[in-house]
Amino acid sequence: MSTPTRPPSRYAAEPKPGEALLQSAGYTHLLLVGQAKDLPTLSASPVWRKASQLQETIGSVSHYLFSRGSSNSGLNNEDEVALTDSKTPTSLIFLSVQQLLSGRIPENLSMIINILSSVGKPLDDRKMQLEDVVGWLATSGRKNQHAPNKMVNDVQGQFIDILWNDLSHPSTVDLNPKHRFRTPDGRNNNIIGSPFLGAANQPYARSVKALHPRAPYVAEPEEMFDSILRRPEGFEGFVPHPAGISSLLFGFANIIIHDIFWTNTGPEVKGPGSDTDSNQYGDSGNGSSRASQWQNLTSSYLSLDPLYGVGQEEQDKIRNKEDLGRGLLYNDTFASSRLLVMPPASCALLVIFSRNHNRVAKRLLEINERKTWTADLEKLSPEQLQQQDDEIFGTARLINCGYYVEMILHDYLSAILNTTQADSDWALDPRAPIKSILGSTPKATGNSVTVEFNSLYRWHAPMSWSQSKWIEKWEDVNHETIKKSAALLKKELNAEDGVEPRYWKLSKYEVNVPRSGQPELTSAGVYERDSETGEFRDEDIAKILKDSTYEVAGTFGARHIPAAMRWIECQGMRTSRDVWKTCTLNEFRAFLGLKEFESFEEWNSDPSVASAMQDLVGHPANIPLHVGLHGEEAKKPRLGAGLCPNYTNSRAILSDAVSLVRGDRFYTDSATADTMTDWGLRDCQPDVQEGAYGGMLQKLIRNNLPDQYVFNDVALLFPFKTPQSSYSILEKIGPQKALQYSLQPTPTPHLSLGYKHIQSGGKTMVYEISDTPKVEVERMSLLFGLPKMNSNIKLIYQAVEMAMSRQNSEQYKLFIQSRIQQCSARRSPVSTDETVDVARDVTNPLICGWLSHIFGLVETGIHSQQLLLCALSDIYCYLNAHDQISFKSRASARVAASGFAWQIKQHIEASSPPNSIGNLIRRGVSKLTIGAIDVLEDSIKTISGQRPDIKHTSPDTKIFYDTIRVENDAQRIPLSIDELTADCLRAVSTLAYTIVNGTAHALDYLMPATTTHADEIPKLRQTLHDLVHNPRFDRSNIHEAHLKHGLEGVRLAHWNPYLRAISFGVKLEHRAHPRPIGIIDREFRLDRNTLEYLRLLDVEGYCLPMFEIILPVIINQVFSLNKVQRAPGMQGRLEKIMITGTSASIPTMHIRYDGSKTLKAINSLRGRRTNGIA
């Protein structure tokens, strides 16, 4: 191979004095040699050489003026570099003089201002801050001043520190497939040196070194419980939580506590890396082994271990091996039997987490983002089935745990901190990256729970009244009675040893919670599973959750723990003292950075409690950790303190929450779309518009307990507080805020919509679940606040059809051509291919512009073309939601409806006859309002650079509303203006959503792709190609051919999977219950009767006439583009995008065509306008 020719050196000429040429690797380099005295005089040098000489001269002089007694002054530069520089650092004086003489003072000031203005913000690399620092270091460094400078070295050190902290050292995530998902026992959460950190069967950690000697006169645990912790007998001794926290919060806290704590009370379980001597503690002789109480049998991570188990054996019992390959759990199954012997709220929450796992797993396989899984399990070998099952299961668990951690941050911690009181959706999120000039806060380091926090989380004081009665049914609680009672209860629940979890039942303990007074037990026993599905009834799970939400919890503090917990509490105190040998309360406070107690009154201001503790321990420094934590005075409710725990507990809870979440790799560095998929990562994100300030429990309930709650029920949206306390906070925020919620929601009849398939006679019949028009009217009346609303929507559609018939289809063609020209992009300079989003930028604006023109809606500003479509889609999705209405969907629809309804109402009133003075005044005001709207629209267009069309109410709009008024007045019982407005709004939203989506799906079905699809599709495209490009083809019926192709495309690619490939062969007026509407027919045919498509868009069949006018025009214009095909990759797929603040989505799909032969019609459009729809 020949050697490439070296470029000629720019310094190949004869060197000047003070320079030398250096040949190296075939290049010629310029080397500056000698000192300033060797350089030419100033008058003979260029300007840049004058500056260099002056700087070098000053540096040489300052070497002697400021270095003070250098022993190496006689050495040359090369010798100095070779030796250790022992000179006294150059003073700041020289650095200032040097920067002043070099002319960098203005640049330095600018750099300092730029850096200070960016403190606390991400670095804007376009401001060249990093380069400014490098420039300052380069001009202030040792080379120029001949001596080190402490300030320069410090800045350089900080600069290097910032660069070092940009990266993890070492990285906390790798690409090992074994580290992709959570392991059953929690190992490999930390992969940078401690793979067993926090795994199950590992030792507890210790946070605080216990140095305070144990006082010999401290009382025994039983005396401490009776004097400090025991709750007085009877309902009078129960003190409700001062902030109205519900008992459901502590049911959820119970899951968290049992997720990370499980003290071994039996023989040692050998864990990974276990080499501990288990005989050092001995046995207490009271029936409970203490030999292995140093060991935690569960993992130290918030990984839903009570649901998924703490080992492979436990996990295998709940995974559905009968449907291997789908990553499912057995229905309504969880792994931990420990929670079965506790009040049922915790188990009910685990059931909905179990359902959520299966919902997620099914959806993952259905979407199959990476196309690595297959739903046809018969094609897979046993090994492939197991691998696919493990991958889907692991991914679904990560997403389900995403729900879990978001509940902890947005429901649990928000209730603890009482942030709702501030009307704020802020939440304490420990996962956020934290960087400062001092470095970054570590994350994904792993975690190991400690014995101090095991003592802290003995939350028995806030047990509700009914929960304490649940425990009291076990008389004389001790080790033997607990074992006996637990065995009896497990037998009743079919949860004895050897019985698989999918056969377990749930405890039934239903109560009636009055507004005041003692809750009453109404029913007890067990909840049974369905014999076929293995599921519990939705109503039963919802009943458990509602009872726990409506019942207030107890309060923290001294003398609030039920007497039935005496033995359990004393065992905890004895384990803390004798086995774990934990620190004192003051030592724990010092560890947290809190002030140590100097008196008993400072610990608890209640004189009787303080005096009792003084008698028990003698001095505040002797207060044991366990009793000190739970007998300490509790906080009072306020913003920032909603849980109102003991003061020390309050600080420790937040510290522990931050550590548990931030230290978990799967909640920080591994919480990515790579491990959870794009859909999964989005699915487990909170939505602050759902009315719960980002709360996730309401989403978990709605997804898995459909139709059990009303959408605005405070018991659904704020389940960790009693409804009364939540509603009281909302009323204090503002009356208008409270009106959005319901304290006592009235159960509404089931208004679910949708379709179902039934096999009949070898055919798939499609049935309508309920009467869609009737449900839409009922939902619209709820939206408008009308108790009963009449409807005659046929009048509106007939008026729209008349308005359409007066339109010239040429204006649609011109609009499509101009939009394609304006929005197409040529991405490559070497290609003539043009790319355009045919849905978002062409068809969506066409349809929305046409509708806004007919109905007289403002289409700029707040309701610009895309936002107009989103707003109308919000209304349609609210009216046609298949499942229960959500808070967000109703709120979005109300916002959109309020924006459109008053405009429509003004148009209707402006068209009313002046048959009275009142009508005349209203008509005049409406016309003035409409004129103001038009002026506003034109002003916005002008400001945004568009060419306004000063139409001041289009004639088409006026004729449209006049037609509606005349037809309505001719009815036997005319509709009111509000009812007409509601019908208009229902019609325009239905037209917008159905025609936009129908057009997009027709194009998606017909559009050529880079890969071959089903056999019939290329033939269909060839037919279209012949229609458009073959001059010998009979073009007399081209409009009809385009229409039939488009309608078949929509039918076979319908956006509703239940209506996909449906043939509407049943007449609407003759439908009988249960409302059959058609059959599934997947054959592509162009000879179908138009009536078979009648209800393709809406079930009443009113939208089809308008669709038939606009669809052929769109197909004609799009397929007239040269070599048109869908764009490659993901952009070429039909997707739905959602705009922030809306609950609906709009279609998007990119196409590509050859732009070298642009249609002649496009060029003729320059300067022309499309009246009415531009």
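Is Asp389 buried or exposed? Asp389 is buried, at a relative accessible area of 1%. Buried here stands for under 20% relative accessible area, exposed for over 50%, and partly exposed for what lies in between, with a 1.4 Å probe and protein chains only.

The model is predicted, so local features need pLDDT of at least 70 and side-chain atom pairs count only at pLDDT 80 or more, while totals for chains, interfaces and linings use all residues. Residues are numbered from 1 along each chain as its sequence is written, and side-chain values use heavy atoms, with hydrogens and water left out.

Start with the partner of Asp389. Arg319 forms a salt bridge with Asp389, and their closest N and O atoms are 2.7 Å apart. The term requires a side-chain nitrogen of Lys or Arg within 4 Å of a carboxyl oxygen of Asp or Glu. This pair links distant parts of the chain. Arg319 sits in the loop between α11 (312-318) and α12 (345-367), and Asp389 in helix α13, 70 residues apart. Helices (H or I, at least four residues) and strands (E, at least two) are DSSP runs, numbered from the N terminus. Arg319 is buried too, at 4% relative accessibility.

Side chains of opposite charge can pair when their charged atoms come close. The whole structure holds 53 salt bridges. Another joins Lys505 to Glu528, with closest N and O atoms 3.3 Å apart. Lys505 lies in the loop between α16 (479-492) and β7 (506-512), and Glu528 in the loop between β8 (520-527) and α17 (538-550), so the pair ties together parts 23 residues apart in sequence. Glu528 is partly exposed, at 44% relative accessibility.

Asp983 and Arg986 both lie in α38 (residues 977-1006), three residues apart, or about one turn of the helix. Their closest N and O atoms are 3.9 Å apart. Asp983 is buried at 0% relative accessible area, and Arg986 is buried at 2%. Elsewhere, salt bridges that share partners join Arg214, Glu220, Glu222, Arg574, Arg577 and Asp578 into one network.

Now return to α13. Helix α13 (residues 382-417) packs against helix α26 (residues 697-704) at about 135°, with axes 9 Å apart. Axes are lines fitted to C-alpha atoms, for helices over the stretch in contact, and angles run from 0 to 180 degrees between N-to-C directions. Under 35 degrees counts as roughly parallel, over 145 as roughly antiparallel, 65 to 115 as roughly perpendicular and the rest as oblique. The two helices are therefore oblique to each other. Tyr403, Met407 and Asp411 in α13 meet Leu697, Lys699, Leu700 and Asn703 in α26. Contact means heavy atoms within 4.5 Å.

Next, the nonpolar cores. Such a core is a set of buried Ala, Val, Leu, Ile, Met, Phe, Trp, Tyr and Cys residues joined through side-chain atoms within 4.5 Å. The largest has 142 residues, and those touching the most other members are Phe252, Tyr404, Tyr412, Trp459, Leu506, Leu545 and Phe588. Helix α13 gives the most to this core, with 17 residues. A second, separate core of 101 residues includes Ile875, Tyr1005, Ile1114 and Val1118.

Thr722 is buried, at 7% relative accessible area. Its C-alpha atom is 8.8 Å from that of Ser548, 174 residues apart along the chain.
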